[in-house]
Amino acid sequence: MLAAIDAMATVAVKDLQRARKFCQDTLGLNAVHTDQHFIRYRSGNAAILVYVSSFAGTNRATAVTWAVGDELENIVSALNAKGVEFEHYDLPQTVRKGDIHVSGKTRVAWLKDPDGNILSLVSG
């Protein structure tokens, strides 16, 4: 029933203007629709809906993942240059090379938005 319909990541934030600055200035996303309570961004063929909620930042799991392929190191470096601090986790069968966690052929970097929502960048 839903297999052919695009899904949208949904991220709760406390301050929409602060989220806008992070999404646009730090992540480089472009808004496609804005309302006083939410902003919808286009990310490749997908969308991310950022909306105001008192529950912002309460999810302790990854909220959004970008599959960035071989650009992972370049993107991590660019975000570091913008002041983004990456999360470091102790995971089984995983080693960390700088801010990137490596497990076999998979490489992942995690960061948080200003509300504490966990975002990830994965090599593929």
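Visitor: Which residues line the largest pocket?

Guide: This is a predicted model. The largest pocket in it has a volume of about 160 Å³. Its lining consists of T26, L27, G28, L29, W66, V68, I75, L79 and L121.

Visitor: Which residues touch the most other members of the largest nonpolar core?

Guide: The largest nonpolar core has 25 residues. Helix α1 (residues 16-26) supplies the largest share of this core, four residues. Those that touch the most other members are I48, V50, W66, F86 and L121.

Visitor: Is D115 buried or exposed?

Guide: D115 is found in the loop between β9 (106-112) and β10 (118-122). Its relative accessible area is 10%. Because buried means under 20% relative accessible area, D115 is buried.

Visitor: Which side chain forms a polar contact of 2.7 Å with that of D115?

Guide: Leaving aside neighbours within four places in sequence, D115 is in contact with A12, V13, K14, D15, R18, A56 and G57. For K14, the backbone nitrogen lies 3.2 Å from a polar atom of the D115 side chain. The side chain joined to that of D115 by a polar contact of 2.7 Å belongs to R18.

Conventions
Residues are numbered from 1 along each chain as its sequence is written. This is a predicted model: local features need pLDDT of at least 70, side-chain atom pairs count only at pLDDT 80 or more; totals for chains, interfaces and linings use all residues. Side-chain values use heavy atoms; hydrogens and water are left out. Helices (H or I, at least four residues) and strands (E, at least two) are DSSP runs, numbered from the N terminus. Buried means under 20% relative accessible area, exposed over 50%, partly exposed in between (1.4 Å probe, protein chains only). A polar contact is a pair of N or O atoms within 3.5 Å; within protein, one must be able to donate a hydrogen and the other to accept it, and residues adjacent in sequence count only if both atoms are side-chain atoms. Contact means heavy atoms within 4.5 Å. A nonpolar core is a set of buried Ala, Val, Leu, Ile, Met, Phe, Trp, Tyr and Cys residues joined through side-chain atoms within 4.5 Å. On a 1 Å grid over the protein atoms alone, a cavity is a set of points where a 1.4 Å probe fits but cannot get out, and a pocket is an open set with protein on both sides within 12 Å along at least five of seven lines; lining residues have an atom within 4 Å of a point. Grid points are joined across faces, edges and corners, and a volume is the space filled by probe spheres set on the points.
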